[in-house]
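Please find below my notes on the model. They are set out as numbered points.

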Amino acid sequence: MDAKPVGDVLRTPTSATGTFMACFRIHVRSETETARVASVLAAYLREGDVVLLDGALGSGKTSFVKSVGQALNSSDVITSPTFGIAHFYDTARGRLIHVDTYRLSSLAEFRDLGLEEYLPTSIGLIEWGSAVRNDFRHALNIQIDAIPGGDDGERELTLQSDDIRWSDDLESIALELGRKL
Ligand SMILES: Nc1ncnc2c1ncn2[C@@H]1O[C@H](COP(=O)(O)OP(=O)(O)OP(=O)(O)O)[C@@H](O)[C@H]1O
Ligand SMILES: [Mg+2]
């Protein structure tokens, strides 16, 4: 595989909070390479983490979540939660909650799900996450984009967070992917 992170991790001090915005992009050529990114990330995920996934219909958000579940040895097969809104899975690292906000019409409707009771003690992965970004400032944001004019399997993944929680880990993930993809 010859995919590589595109450039270095950018770390930018933000405002007076002293937090850091960290961001890097990676170009993948296949679903297998997306799965590789997901499995490297999975090793860093811990209780209370929230990952917000965005990208067009069919870009690979559910596929990414499935690969995280597999990497965490989830005993269940992860399927698209669009009709159920939220699915709970047991993994080697505790509870994984997979949410798809696509069919929710408002942030209020999301809050009505009552997931805040469970998310602090779970790993949360939320498709169409930008709809609820205001409630998850500490999240890791992952944008999945097809490459205009690119092959079917090509995607650009952008991993970004405003929270210091992800500052060092994003750098480690980028380094690992540089080595392993
Ligand atoms: N590099 C890639 N990464 C992820 N998926 C890929 C890639 N290349 C091709 N695919 C294909 O793209 C499709 C992604 O479907 P998936 O359901 O994961 O998308 P989604 O973003 O969750 O869609 P939706 O917006 O409907 O929830 C799958 O059929 C998968 O095989
Ligand atoms: Mg999906």
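1. Arg95 stands opposite Ser122 in strand S6. S6 (residues 122-127) is joined to strand S5 (residues 94-100) by six bridges, and the two run parallel. Strands pair here if DSSP finds at least two bridges between them; strands (E, at least two residues) and helices (H or I, at least four) are DSSP runs, numbered from the N terminus.

2. This is a predicted model, in which local features need pLDDT of at least 70 and side-chain atom pairs count only at pLDDT 80 or more, while totals for chains, interfaces and linings use all residues. Residues are numbered from 1 along each chain as its sequence is written, and chains are lettered from A and ligands numbered from 1 in the order in which they are written.

3. The protein has four helices and eight strands, in the order β-β-α-β-α-β-β-α-β-β-β-α from the N terminus. S5, helix H3 (residues 107-112) and S6 form a right-handed β-α-β unit; right-handed means that, with the strands pointing away from the viewer, the path from the first strand over the helix to the second runs clockwise.

4. On pairing, S6 also runs parallel to S3, with four bridges, and Val50 stands opposite Gly124. Strand S3 (residues 50-54) pairs in the parallel sense with strand S7 (residues 140-146) over four bridges. S7 and strand S8 (residues 155-161) are antiparallel, with six bridges; there Gln143 stands opposite Thr158.

5. Why is S6 largely enclosed by the rest of the structure? Six of its six residues are buried, that is, 20 or more other C-beta atoms, placed from the backbone, lie within 10 Å of their own. Ser122, Gly124 and Ile126 point one way, and Ile123, Leu125 and Glu127 the other.

6. Leaving aside residues up to four places away in sequence, Leu125 touches Val51, Leu53, Val65, Val68, Leu96 and His98, a contact being C-beta atoms, placed from the backbone, within 7 Å.

7. Ligand 1 is surrounded by 17 residues, the closest being Thr34, Gly60, Lys61, Thr62 and Ser63; the criterion is a C-beta atom, placed from the backbone, within 6 Å. Helix H1 (31-42) and helix H2 (61-71) each give two or more residues to this shell, and H2 gives the most, with three.

Terms used:
Contact = placed C-beta atoms within 7 Å. Buried ≥ 20, exposed ≤ 12 C-beta atoms within 10 Å, placed from the backbone.
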